[in-house]
Amino acid sequence: MLDNAPRGTICIEDIEIGMVRSLRKVVTDRDIELFAEVSTDRNPVHLDDDYARDTIFEGRIAHGMLTAGLVSAVIGEQLPGHGTVYLGQSLKFLGPVRPGDMVLAEVEVTGIDHAKRRVTMDTRCLVNGKKILIGEATVLAPSRKFD
């Protein structure tokens, strides 16, 4: 994984509207196989070349939630980072991720409720500059006062 910030924690007191963090990852056949094993989602569109060729995707694709997991990685490792609690996530899938694709997962702070320690973020994943996933996340951010 290639990302733009060290892992750790950004406390609610230091988060600002417009902050962005990201990571890049090439999705591999092994990633797809491992995700199928862990999730028990063995839909052949993810695992069987012959089956997937005859679908609207004309080839195998990664699980949508595998891609969404990259957003979770940015939130849990970078912004806000360690100690963050996910409260909610909306997702809209706009296109497939294929084995070998480099995915850029980004989160951007759009709202902060300091009293409740809530942070709202736009979330997105891109392949070759094209958005393939968009959404919004709400998290409980760590605080120096309590953690």
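**Figure 1. Arg 124, a buried arginine in a predicted model.** Arg 124 has a relative accessible area of 15%, so it counts as buried, the cut-off being under 20%. Keep in mind that this is a predicted model. The residue sits in strand β5. Leaving aside residues up to four places away in sequence, Arg 124 touches Val 71, Leu 104, Ala 105, Glu 106, Glu 108, Lys 131, Leu 133 and Ile 134. Two names from that set, Glu 106 and Glu 108, come back in the next two views.

**Figure 2. Arg 124 paired with Glu 106.** Zooming in on this pair, we find the two side chains meeting in a salt bridge, with N to O at 2.7 Å. Which strands does the pair tie together? Glu 106 lies in strand β4 (residues 102-113) and Arg 124 in strand β5 (residues 118-127), so the link spans parts that are 18 residues apart in sequence. The side chains of Arg 124 and Glu 106 are also joined by a polar contact of 2.7 Å. Is Glu 106 buried or exposed? Glu 106 is buried, at a relative accessible area of 17%, and Arg 124 is buried too, at 15%.

**Figure 3. Arg 124 paired with Glu 108.** Here's the other glutamate: Arg 124 forms a salt bridge with Glu 108, and the closest N and O atoms are 3.0 Å apart. This pair links distant parts of the chain, with Arg 124 in strand β5 and Glu 108 in strand β4, 16 residues apart. A polar contact between the two side chains turns up as well, at 3.0 Å. Glu 108 has 24% relative accessibility, so it counts as partly exposed.

Figure 4. As for accessibility, Asp 29 counts as partly exposed at 36%, whereas Arg 60 counts as buried at 14%.

**Figure 5. A salt-bridge network, and the count for the whole structure.** How many salt bridges does a search of the whole structure find? The search turns up 7. Side chains of opposite charge can pair when their charged atoms come close. Through salt bridges that share partners, Asp 29, Asp 49 and Arg 60 are joined into one network. Stepping back to charge overall, the protein has 18 positive and 22 negative charges, and their mean positions are 4 Å apart.

**Figure 6. The setting for the close-ups.** The protein has 4 helices and 6 strands. Starting at the N terminus, its elements run β-β-α-α-α-α-β-β-β-β. Along the principal axes, the C-alpha trace spans about 55 × 30 × 25 Å. Of the 147 residues, 41% count as buried. Among contacts between residues at least 6 apart in sequence, 65% join residues at least 24 apart. The protein exposes about 7900 Å², with carbon and sulfur atoms supplying 50% of that area.

Methods: Residues numbered from 1 in each chain as written. Predicted model: local features only at pLDDT ≥ 70, side-chain atom pairs only at ≥ 80, totals over all residues. Heavy atoms only, no water. Salt bridge = Lys/Arg side-chain N within 4 Å of Asp/Glu carboxyl O. Buried < 20%, exposed > 50% of the residue type's maximum accessible area, 1.4 Å probe, protein only. Helix = DSSP H or I, 4+ residues; strand = E, 2+ residues; numbered from the N terminus. Contact = heavy atoms within 4.5 Å. Areas by Shrake-Rupley, 256 points an atom, 1.4 Å probe, with all protein chains shown as cover. Lys, Arg positive; Asp, Glu negative; His and termini not counted. Charge placed at Lys NZ, Arg CZ, Asp CG, Glu CD. Polar contact = N/O pair within 3.5 Å; in protein donor to acceptor, adjacent residues only side chain to side chain.
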